[in-house]
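Subject: Structure for your files

Dear colleague,

Here is the structure I said I would send. My notes follow below it.

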Amino acid sequence: MRYIFLAGLIILGSLLAFKPLTPFTVHGKVTDASGTPIPNVTVMEKNRTTGTTTDANGEFTLTVSSENAKLVFTSVGFDRQEIAVKGKTGITIKMKASEHHLDEVVVTGYATVRKRDLTGAVSSIRSEDFSGIPAPSYYNQQSAGRQTAKLRMLADKEKERKLSYGYNYADSSAAFNTEDYDAIVENRFLDVKQNALSTFSIDVDAASYSNLRRYLQMGQIPPAGAVRIEEMINYFHYEYPQPKGEDPFSINTEMAPCPWNSNHQLVLIGLQGKKIPVENLPSSNLVFLIDVSGSMMDENKLPLVKASMKLLVDQLREQDKVSIVVYAGNAGLVLSPTSGSNKTKIKEAIDALEAGGSTAGGAGIQLAYKTAKQNLVRNGNNRVILCTDGDFNVGASSDDALVQMIEEERKSGVFLTVLGYGMGNYKDNKMEKLADKGNGNHAYIDGIAEARKVLVNEFGGTLFTIAKDVKLQVEFNPAKVQAYRLIGYENRLLNKEDFNNDKKDAGEMGSGHTVTALYEVIPAGAKNEFAEKVDALKYQQAPEFKPVNSSNEVLTVKFRYKQPDGETSKLIEHAVTENFVSAENASANFRFAAAVAEFGMLLRNSEFKQEGSYNKVWQLAKSALGNDEEGYRSEFLKLVKNASSIAKAQTKKRVAEEEEDDEEAVSIQRK
């Protein structure tokens, strides 16, 4: 009898062990130590891909796997916190502000890096990739003997530092960060009499901002090539009016004193795309192209991709269809076209994905486009959504080969969205080129909060194009402006002849998107500290400046765009008259965009930052928070404080090391 009883207990225990988990909904609020709500906090169920973010009031609702689940809370400027639900339907979390422990930060050259990155691997960036701190002078005018001794000592010391970080001189590629960023040559001031026209393509990408946020959260100033100011500005939403006419966007301009040089003026040009209600959006034919190679194993790669795609699946309608193509050593179709109403089937296919193998990105792209073309929806939204770290290494993998492939594929009418993931080997330059040439957009997903922003909050803008090949050409009036500088858009510049050439590719604009561009202008008659002398021409005389009219127009903005399925562009013109306002009376749109631009120049250590400072950025942005329902602008203020602290730590560390190096060099010389 006793054995029967024991057997019964074992059977009962087994049944309870395999009892299915009952979903449990938790409501909560997150505040700081003083009780102030914290928006945009990432809330994740531990060891699962379920997550959400807090709203502007610090509140959240999340359905977890069971009443015994554990929640993980993370936010910029606060310590990570883990809480057990324990059957509570309502919880309040107070997060502790994180402290920068300078002994946990190492300065290599002038690149500040934490000893270990989020994956536990040694992290390092080449010092020449960074800007923000001017290089010190290693040499003085003393004897050559001391110079030689100091150089030898510094080389030995640098080698010791690298070894202490785990640098393997036999296999440096295994130990060092291999992220790739293209160099950016900043736009300079141009003389209006010689260069009256400024022409560029719009850019709705926002990858640069979320990527540099990741760097700042890890205690690093981002590489200069990672700081694309136009993408930083366009990460944020601006309160421009919706278009009223037949054109798909409204045009908005504003001029006020430049915050970092009061003798200059700043001109804002803002576009607001028409917002189409989700129920009125055309049917979608989406192909998820997912990198499942070995480099995607980290938690912030494939697991985050899967969580992101499931957020997107929740937005789909019955008339939408999804296919899934994956690639590692080769490419394959793992889900044939499936209706958006069959969300369970799509999510099961996503959950089944695992990482391993090499990276045949080219083959994956070809199969994804082939799948999209086979299921093309006429007058619909046909799009490939590429999720990868960009580290292609099998088949077509060079930038040129992939760009040529994308340029050919875009002729089919299939658009491209590129979502970047991960760190350590992230190929930002490759991702940006693919999105640019594929009639698409590029976002960097650094966490579930960013996935929600891109794929839920900005669903229409990310996936539905309302205008393509959008170009701007600005003509400045030399009677009012003597010189100008376009801030950002360095890799979007066009020749003046390209503006009227409908064969020239340009940027796309999505439903509800805003695009903002800033020009710093030097008024006629003001002192031009950036003037650069040019020798007189030998074979011709410089044309004499003769104003053609005496109007009070400062500039004229011309726009060209095509319908998503069109081949002929339409022209719009918008004149900006001399109607200056004071800095205090400038709109919140203007003040916040200017603050972001100034922040970008400081991160890049731009030669045009002039009187800019982190404190001025913070004050200006603080005055322009507006509604900030999602909390993105408040988060920006935290990043500014972060960057300021890191820059101060770098300077302090650099000065201390210079003094130490001088002392050691003197000691070596004496010996």
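This is a predicted model: local features need pLDDT of at least 70, side-chain atom pairs count only at pLDDT 80 or more; totals for chains, interfaces and linings use all residues.

The axes of helix α8 (residues 361-374) and helix α9 (residues 399-409) cross at roughly 5° and come within 11 Å of each other. The two helices α8 and α9 are therefore roughly parallel. On the α8 side, the contact is made by Gly-362, Ile-365, Gln-366, Tyr-369 and Lys-373; α9 contributes Leu-402, Met-405, Ile-406 and Glu-409. Sorted by class, this contact has five nonpolar, two polar and two charged residues.

Next, the sheet. Five strands form an open sheet in the order β10-β21-β23-β13-β12, and the pairing is antiparallel. Strands β10 (190-191) and β12 (249-258) are at the edges with a single partner strand each, so one side of each has no neighbour in the sheet. The partner of β12 is β13 (residues 261-273), and the two pair in the antiparallel sense over 10 bridges. Within that pairing, Pro-257 has Gln-265 of β13 as its bridge partner. Helix α13 (residues 588-604) packs on the sheet and touches β12, β13, β21 (481-487) and β23 (514-523). The direction of α13 makes about 110° with that of β13.

What is Phe-236 in contact with, leaving aside its neighbours within four places in sequence? The list is Tyr-209, Thr-514, Phe-592, Val-596, Tyr-632, Arg-633 and Phe-636.

Some totals for the record. The protein has 15 helices and 25 strands. Of its 671 residues, 52% are buried. Among contacts with a separation of 6 or more, 76% are between residues 24 or more positions apart.

Regards

Technical notes
Residues are numbered from 1 along each chain as its sequence is written. Side-chain values use heavy atoms; hydrogens and water are left out. Two strands pair if DSSP finds at least two bridges between them. Helices (H or I, at least four residues) and strands (E, at least two) are DSSP runs, numbered from the N terminus. Contact means heavy atoms within 4.5 Å. Axes are lines fitted to C-alpha atoms, for helices over the stretch in contact, and angles run from 0 to 180 degrees between N-to-C directions. Angles under 35 degrees count as roughly parallel, over 145 as roughly antiparallel, 65 to 115 as roughly perpendicular and the rest as oblique. Ala, Val, Leu, Ile, Met, Phe, Trp, Tyr, Cys and Pro count as nonpolar, Asp, Glu, Lys and Arg as charged, and the others, Gly among them, as polar. Buried means under 20% relative accessible area, exposed over 50%, partly exposed in between (1.4 Å probe, protein chains only).
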